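Hi everyone, thanks for coming along. Let's walk through a structure together, one piece at a time. Please have a look at it first.

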Number of protein chains: 2
Amino acid sequence: MWEVIREVYDPKENYIYETLFTLANGFVSIRGIEEFSSTYKPLTFVAGIFDGYKAQVPELVNLPNPFGINLYVENERINIDFLKMTKYQRRLNLRSGVLSSYYELSTLGLAIESERFVSRKSLHRIGIKYTIKSIGFKGKIILENYIDNTTANNLFDPANKVQHYKLQQIGSLKPGIYSVVKTYDRKHKIAISSSLLGVGQNNDNILLDRKYIEIGPNPTELYTCFLNKNSSITIYKFVTIFTSRESEKPFEESVSELEKFVAQGYETELEEHQKAMESIWENVDVTIKGDSSAQLGIRFNIFHLFSCASNDPTVSIGARGLHGEGYKGHVFWDTEIFMFPFFLYTLPNYAKNLLLYRYNTLEGARKNAYATGYKGARFAWESADDGTEVTPKWGVDYLGNPVRIWTADEEIHITADISIAIVNYHIVTGDDEFMKNYGVEILLDTAKFWISRLEYNNNMDRYEIKKVIGPDEFHEHVDNNVYTNYLAKWNILKAYEYYHWLKERDKGKLCLLKTLLGISEEEINKWRLIAEKIYIPRKDNQLLLEQFEGYFNLKDYVVTEFDEKGMPVWPKDLDLSKLQETQLIKQPDVVMLILVLPDEFSYDEMKKNYEYYLRRTMHKSSLSLPMYSIMGLKVGDTRNAYNSFMKTLLVDLENTHGNTHLGFHAACAGGAWQVVANGFAGIRVRKDGELVLDPWLPEHWEELSLKIFWKGVPLKITVRKEEIIIESLRETDVIVKSKLYHLKEGTNRIKI
Amino acid sequence: MWEVIREVYDPKENYIYETLFTLANGFVSIRGIEEFSSTYKPLTFVAGIFDGYKAQVPELVNLPNPFGINLYVENERINIDFLKMTKYQRRLNLRSGVLSSYYELSTLGLAIESERFVSRKSLHRIGIKYTIKSIGFKGKIILENYIDNTTANNLFDPANKVQHYKLQQIGSLKPGIYSVVKTYDRKHKIAISSSLLGVGQNNDNILLDRKYIEIGPNPTELYTCFLNKNSSITIYKFVTIFTSRESEKPFEESVSELEKFVAQGYETELEEHQKAMESIWENVDVTIKGDSSAQLGIRFNIFHLFSCASNDPTVSIGARGLHGEGYKGHVFWDTEIFMFPFFLYTLPNYAKNLLLYRYNTLEGARKNAYATGYKGARFAWESADDGTEVTPKWGVDYLGNPVRIWTADEEIHITADISIAIVNYHIVTGDDEFMKNYGVEILLDTAKFWISRLEYNNNMDRYEIKKVIGPDEFHEHVDNNVYTNYLAKWNILKAYEYYHWLKERDKGKLCLLKTLLGISEEEINKWRLIAEKIYIPRKDNQLLLEQFEGYFNLKDYVVTEFDEKGMPVWPKDLDLSKLQETQLIKQPDVVMLILVLPDEFSYDEMKKNYEYYLRRTMHKSSLSLPMYSIMGLKVGDTRNAYNSFMKTLLVDLENTHGNTHLGFHAACAGGAWQVVANGFAGIRVRKDGELVLDPWLPEHWEELSLKIFWKGVPLKITVRKEEIIIESLRETDVIVKSKLYHLKEGTNRIKI
């Protein structure tokens, strides 16, 4: 179960498949465009290349499209939108990261096979291979290779169309073509070089009569090829891409890298790429026996998730990955809360880079705090390249009426979400160096923000946070959202804790840090006292948390009806414009709190809150179902776990939210992995630092297997109905179903 | 019968309709692209804008496309290739020169009406009107107006694709967009400006939220519009275009003309355009009663023919008009021999301009003579902007093998063809001034070329012209082609005659001319003697002319079989590679000679040669049938006249040659008019200067009516079976069926 296959060609579905078939290596991403159709929207991203020119806020820039290719038979462009295809197939092999296509054009007497990959080994290389087979045809084929410098942003929002780059230079290589463009605001330079190599059956060059031309801004090479009856020719296309973010001389590097790539050969690079893919899969693969649909689905989600992972500590992963224009490439809490755990447990180096992105954008976060009248570091609700807040202030509804977007102002829990990821990173990896150099600084400066953000309520002798939005976005401008307040408190207490942790380990570093952040120990000791007085709203019975102050006074609706897909139906008498006045919520809020800080709550609290809030949740976010699924498993409600998991897996594969064309739901993919790891395998880390496994498998699953890194040691965990098998490289402890086991090096079998 | 209508939309036919629906005003031409499809090849020409950059020979430059427009509903571009149209109609009204379209998109709840015109009044203006009607739709429409600066030449020959211009400047007007480009070699600047005006039902502006952006090289305006249920909005698009050929400051002029155009309004300009069209139709219309198909066909051909007519004496009409890329916009003998008679008799001012184009390119013709070792002026077989020879020297066959093209070297009759047009112009118009200032100079300098081209055969005491191609292109490198030799002789004799004509009228001018051309009277008198000795090959019986020396010795094949369309079938035992060794011909050659110089031959000669050569003609040129049709009528063979005429009319309307996408067959259109005027109406001018009418109507025609200018006087001629009605503005003589009539002013009825 490694292949996502498309076998029916309907141009109307192309934009969805462009997302599903995106290839990315964390550095560059190219959507799965059908280059032989006229129904494609080229979209090429390089992580970190944002620009704000003429756009409301900085956007991940749609770069020139290096996939420009046309084939002409009898001087007519081959266009699969208009030619009858007697066979069509496009396959994404998740294991190898190769996208293959087959177009059989019997009326022309031709078949075209293609494959492409974005190298996971050499991040600046993209390889494409076309095999043109005669199935009756004999004659001339004109080949046009070009770089399309007319691409623009906001492909699906034409009123906001904008091209973020200006042409600097285009030209002819010997052979090949190149293009250098420069973004307007950020002045990033992007250089793309490309050349072809064509061989016939006797391995001789078949690309004849080269002509270099410039059409508008597009460097273009034209070639003539001849195809004999029932023979075939193969054309390799080499592409390299460099930017001024990682190179002083992107143009020169793109050219010399192209030369190396061509000299080395397509097949060699493909092999290297596949090796690199294998070594990732070795760590991230999840196998599910007995459920081929879940098996393919989880791999599909994992594939696209790690496709976005980068070694570059100045970039993170946007809400739609590198896969589309949704949310303009901006980074949300989605990364730390939903995607991060996958990386933390399977690819901890990438996880570290995600946190370093936050560290490297701390200046932006400080600016955000300062600009809104607070202290310390306040992470942006939407973050691009420098960490400053880039959430659009105003949007428009369908009729063009302005709508104020409040998330930047109010959805401040993001700052603590990042602190949670940092602390979890430390617990799971034991990476003290990271904490010393980066983590503590973030914890302290975010705590400083929270302290400045709190308001003291004299009457009640408590600290409050007013006018916020919690994870549930149905309710804006609420006071004392329990998720926000709890995390603020936790963030401050962790800062206090890690202050002392660092004091014990590295006084010199701490001293420098205190000066850098302008804090004193006296102040930090006060923080702890303040934190303890932060108001946590609860129902009087103490078990039920109140989502925000006054929530329980709202009109109470309970979901009682479900549609054919099992999704909640709005209560009949509900006035949708008065949603804010009801207890209905978009997605978990209190339940999220319990999920992200599980040690803070008792089993009974979990169960009570789960039951209460589940019945009031409309699941209007794709992040809702997987979280309830995990929590359900935790509290013994397994009824919906499997269905919710499958819905999560298929969000993009079946385009259930209708917006897959805007990119892949990266947080959802992370959520799916969490359902597998934290839900079905029941992995969690206890307060006391012990690894816990509490597995539960859906009835038809024979076996679930995955690998995690625990304190730097890989553990391969296989869960079956009656046993857990753990392969460990080192002795370690694990608690299974409340019982402590001491694992030996090698294979351990634990009956359950 | 004024409308050419398309009612079935099949994208595969778009490129044919682009030719059929081309709008041109002699200055600028825009093909009938379906701007809401993805199957169109924008092609915009300005007469005289040639460039040779990276092309084998100079080509009429495909300029930026000012028709860039996109409509987005729910952020999805309206694309008629993929949307189901519940009604589609496109109509070209030949009378008004307006192209209207109707697209009913029921699934969107929308219908779009459009119309466009290229103003015949203000040659730099193009107007487009879109009416968007809700048929259920309510909501937002995004409108994108742009100038496409990515157009290129050789749309149907991708291996030779080239963009002839470079971007100079693009930008935003207030409101509107503009673009200035410059061709590489000739350094022509072309400025295009465009703006929109949008009104709703209360006549208020509906174009909201303008945004100006640049996408690659394309200036672009974005607007938002709102459409209410069952209402409609109208968007006018104004375009102006100026070039450095006619303006010192094309950019400034395009902007100020745009401002005037907008201020004046779309409807006002449309009215002016229609008046200008009316006044042309008043002179050129041909009415045929009793045959609606012929009626529409002749108007269609006339429409496109006069669409190419220009007031600019430095441009002429290419073989495919301004309607496509066929023959790269080059001017052939097609203009003077096939198209010119139409203009001569109906729009003599345009006819004069066509000849002035030759006068204005005389320097090029002189260079052609000099470069090939001759004297005087030798007109190019293919002529572009400066008259130098631009025929490609080499072409390629389908397999890419080089093929030497010999027409530039050998098809020299073009030089005398132009002399014939000049003399005919003088006879029909009586325009002595033209002859004094231009005509005589051309006659003398072309005669000088012929004199230098002749070779004296001492044995035979005759002058010969060796190694030529006559009108029949099946036979190359022939000696003493009778068409060429006869015309050379005639050209020299006419030069002699007009030398003396000018001597009688304007000695001073003649004196200057002699110095300019470096000729003496003594020399000219010798020319006459030489001309008389030019060898005219004939069969011994004296009536049958021999197409070229040795033709009658070739293997004789006679066409005996015809296909279902009545076209000749190759004889069965023929080896096509040895065509040159047979008497089969592509198109009339001897018969052309008799047609272009009818006074030189007796009726018996005509008949004899017609009968002989017709049976050996394969009609592989679209110019063949109409010529045989006229000659048939002259010699009383009326059998094929009507069928040949209809085939000629429908060459483009039914794409019978399969290459209408490359432009309209302008010579064919001129040929069709000649069949009507010189064939059916039987108009000709006798040697003695008398106007002759010898009409014959196909059986089902009730009436044929047309207008001609005779010595500056318009004569409206109506032919019926039993009478001819001639409305004349002045007394004049006419010979009908060999009998002289003295016409009075007003209506004259002559029984036949």
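Predicted model: local features only at pLDDT ≥ 70, side-chain atom pairs only at ≥ 80, totals over all residues.

For residues 7-245 of chain A, the end C-alpha atoms lie 39 Å apart, with 3% helix and 52% strand in the span.

Now some backbone details. In chain A, the peptide bond between Lys174(A) and Pro175(A) is cis, with omega at about -5°. You can find Pro175(A) in the loop between strand 14 (165-173) and strand 15 (176-183) of chain A. What about chain B? There, the bond from Lys174(B) to Pro175(B) is cis, with omega near -5°, and Pro175(B) sits in the loop between strand 14 (165-173) and strand 15 (176-183) of chain B.

Another one to look up is Lys711(A), which has a positive phi of about 50° although it is not a glycine. Lys711(A) belongs to the loop between strand 27 (703-710) and strand 28 (713-720) of chain A.

Next, helices. Two packed helices are described by the angle between their axes and the distance between those axes. Take helix 4 (residues 292-307) and helix 5 (residues 333-346) of chain A: they pack at an angle of about 90°, with axes 11 Å apart. Helix 4 of chain A and helix 5 of chain A are therefore roughly perpendicular to each other. Which residues meet there? From helix 4 of chain A come Ile302(A), Leu305(A) and Phe306(A), and from helix 5 of chain A come Met339(A), Phe342(A) and Phe343(A). By class, that contact has 6 nonpolar residues, no polar ones and no charged ones.

Over in chain B, look at helix 16 (residues 624-634) and helix 18 (residues 666-680), whose axes come within 9 Å and cross at roughly 0°. That angle makes helix 16 of chain B roughly parallel to helix 18 of chain B. Among the residues that meet are Met627(B) and Ile630(B) in helix 16 of chain B, and Val675(B) and Phe680(B) in helix 18 of chain B. The contact of helix 16 with helix 18 of chain B divides into 6 nonpolar, 5 polar and no charged residues.

Finally, how do the chains meet? In chain A, 41 residues are in contact with 41 residues of chain B. About 3,500 Å² is buried between chain A and chain B, and carbon and sulfur atoms give 55% of that area. How many salt bridges does the rule find across this interface? There are 2 between chain A and chain B. One salt bridge links Lys161(B) with Glu144(A), and their closest N and O atoms are 2.4 Å apart.

Technical notes. Residues numbered from 1 in each chain as written. Chains lettered and ligands numbered in written order. Heavy atoms only, no water. Axes fitted to C-alpha atoms, helices over the stretch in contact; angles between N-to-C directions. Helix = DSSP H or I, 4+ residues; strand = E, 2+ residues; numbered from the N terminus. Parallel < 35°, antiparallel > 145°, perpendicular 65-115°, else oblique. Contact = heavy atoms within 4.5 Å. Nonpolar A, V, L, I, M, F, W, Y, C, P; charged D, E, K, R; others polar. Buried area = accessible area lost by both parts, 1.4 Å probe. Salt bridge = Lys/Arg side-chain N within 4 Å of Asp/Glu carboxyl O.
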